[in-house]
Amino acid sequence: MSDDSFIREVNEEIRREQAQALWDRFGPALLGLAILIVLGTAAVVGYRYWDESRANRSGDAFSQALKLANDGKSDEALTALDQLRKDGYGAYPLLARMRAATVKADKGDVAAAVKDFDDVAADNAIPQGIRDMARLRAALLLVDSGSFADVSSRVEALTADTNTLRHTAREALGLAAWKEGKTADALKLFDQIASDDGAPRNARQRATLMSELIRGSGNAS
C-alpha cells in the first residue's frame, strides 16, 4: 500500500469516527427536532383547514339567511340569523346581529330594530367604527318614529368635523330637527353638509334642497 492510500484510509476512518461521534451526541436531538417540525407543520395546516372550514360554514349560513330575507321570508331569516349569532365564527355573529336588526326594521318592528342597534352600539367588545355605524342606523330609524332628542342622543357625537360619518349623522339630526320645528338648528346642519367638500355629492344636493326649502318657507329663524 502506498503512503497516499494509507493516508486516505486513515482520514476516512477518522471522518467516520467523527461523524459517528457527532451522531451519537447530536443525532437524537436532531431527530427530535425534525419530528417537532413535521408535527408543527401538520398542526398549522390542520388549524388552517379547521379555521377555513368554520369560516366557510358560517359564510354559507349567512348567505342563506340573506337569501331568505331577500325572498321575503323574514321570520325564517331571523331564525337563521339568531342561530348564526349564537354559533357563528369570526365576524359572522356580529354581521348576523346587524342584519337581523335590518330585517326587523323591514318588517316594521322599528322598536326591536332600534334596540338591536343600540345593543351593538353599547357593546365595548365591538370595534368603535361598527358601534358608530349601529348608532347611526338606529338614529336613521328614529328620524320618523322618534324625537329629536332620540336622534341626537345617538348621533350628536358623530357630527364632529373629524368623523367620517358626519355627513349622514348631520342629515339625520337635521331631518329630526326640521320635523320637530327646530328650523334654525336644521338649517345650520344642512348648510354644514352643503358646504362640506368632503360630503358625497348626493348628500350635498339633498342638503342644499332642504336649506332652500327651509329658507323658502320663511321659517329659517
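## Ala139 and its neighbours

Leaving out residues up to four places away in sequence, Ala139 touches Val151, Arg154 and Val155, where contact means heavy atoms within 4.5 Å. This is a predicted model, in which local features need pLDDT of at least 70, side-chain atom pairs count only at pLDDT 80 or more, and totals for chains, interfaces and linings use all residues. Residues are numbered from 1 along each chain as its sequence is written, and side-chain values use heavy atoms, with hydrogens and water left out.

Ala139 sits in helix 5; helices are DSSP runs of H or I, at least four residues long, numbered from the N terminus. Ala139 and Arg154 are 15 residues apart in sequence, yet their C-alpha atoms lie 6.1 Å apart in space.

## The two sides of helix 6

Now to helix 6 (residues 148-155), whose buried residues are Phe148, Val151, Ser152, Arg154 and Val155. They cover an arc of only 165 degrees around the axis, which puts them on the same side of helix 6; the arc is taken from the directions from the helix axis to the C-beta atoms. Ala149 and Ser153 are exposed on the other side.

What do the buried residues of helix 6 pack against? Their partners are helix 4 (110-121), helix 5 (128-145) and helix 7 (166-179).

Key
Buried < 20%, exposed > 50% of the residue type's maximum accessible area, 1.4 Å probe, protein only.
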